[in-house]
Amino acid sequence: MVLDLSGAVPRGALIGRTNRRGRLLWSLPKGHLERGESTRQAAVREVSEETGIDGEIIGELGTIDFWFVAGGRRIHKTVHHFLMRATGGQLSDADVEVTEVAWVPMPEIAGMLAYSDERDLLTEVSRMLRDTA
């Protein structure tokens, strides 16, 4: 999760993807490891690709494991989430996998996220922000 910490209230960059039923689902940016890449490098790259925002990792938020179906096959995915501070770039939905992107004030993020396991990470985000303040 990448945060804009420049204002009075931190904002997180969320991505919206349209599901098969045409519903827009908001989530945290995430992706896959490329050959020779660490989880930290992948997180920074994926956030940049999916949101247009460059970020610097503050710390680890946690890992989420889930299953999904694509092309008639069940696929297992493990996602390592990191908290990042925005360092540059411009919010953009140029990635073909992303329908929309938005800066969302921290108090509103839980209400927008489609997945409960991502909402659970917000507790760690709040703790880390308190600890680094």
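This is a predicted model: local features need pLDDT of at least 70, side-chain atom pairs count only at pLDDT 80 or more; totals for chains, interfaces and linings use all residues.
Me: Starting with α3, which of its residues are buried?
Reply: Glu118, Leu121, Leu122, Val125, Met128 and Leu129 are the buried ones in α3. They sit on the same side of α3, because they cover an arc of only 135° around the axis. Buried means under 20% relative accessible area, exposed means over 50%, and partly exposed is in between (1.4 Å probe, protein chains only). The arc is taken over the directions from the helix axis to the C-beta atoms.

Me: What's the average pLDDT of the protein chain?
Reply: The average is 94, and 99% of the residues score at least 70. pLDDT is the predictor's confidence in each residue, from 0 to 100.

Me: How many residues does α3 have, and how far does it reach?
Reply: α3 runs over residues 116-132, which is 17 residues, and reaches 25 Å from its first C-alpha to its last, close to the 24 Å expected. The expected span is 1.5 Å times one less than the number of residues.

Me: And α1, how many residues there?
Reply: α1 has 13, and its reach of 18 Å is close to the 18 Å expected. Its buried residues are Ala42, Ala43, Arg45, Glu46, Val47, Glu50 and Thr51. Their cover includes β1, β2, β4, β5 and β6. Gly52 follows α1, with a positive phi near 85°.

Me: New topic: how many salt bridges does the structure hold?
Reply: It holds 11. A salt bridge here is a side-chain nitrogen of Lys or Arg within 4 Å of a carboxyl oxygen of Asp or Glu.

Me: Which residue does Arg17 pair with?
Reply: Arg17 meets Glu97 in a salt bridge, at 3.7 Å from N to O. Arg17 is in strand β2 and Glu97 in the loop between β5 and β6, so the pair ties together parts that are 80 residues apart in sequence. Arg17 counts as partly exposed at 25% relative accessibility, and Glu97 counts as exposed at 53%.

Me: What about Lys30, who's its partner?
Reply: Lys30 has a salt bridge with Glu118, and their closest N and O atoms are 2.7 Å apart. This pair links distant parts of the chain, 88 residues apart: Lys30 is in the loop between β3 and α1, and Glu118 is in helix α3.

Me: Are those two residues buried or exposed?
Reply: Lys30 and Glu118 are both buried.

Me: Which residue forms a salt bridge with Glu56?
Reply: That's Arg85, with the closest N and O atoms 2.7 Å apart. Glu56 is in strand β4 and Arg85 in strand β5, so the pair ties together parts 29 residues apart in sequence. Glu56 is partly exposed at 40% relative accessible area, and so is Arg85 at 31%. Elsewhere, salt bridges that share partners join Glu34, Glu37, Arg45, Glu46 and Glu49 into one network.

Me: Now strands. How do β2 and β3 pair?
Reply: They pair in the antiparallel sense over 4 bridges; strands pair if DSSP finds at least two bridges between them. Across to β3, Thr18 has Leu24 as its bridge partner, and Arg17 has Leu25. Their hairpin has 5 residues between the strands, and Gly22 there takes a positive phi near 85°.

Me: What else is β2 joined to, and over how many bridges?
Reply: β1 pairs with β2 in the antiparallel sense over 2 bridges, in a hairpin with 6 residues between them. β6 runs antiparallel to β2, joined by 6 bridges. Gly12 stands opposite Val104 in β6, and Leu3 stands opposite Gly12 in β2.

Methods:
Residues are numbered from 1 along each chain as its sequence is written. Side-chain values use heavy atoms; hydrogens and water are left out. Contact means heavy atoms within 4.5 Å.
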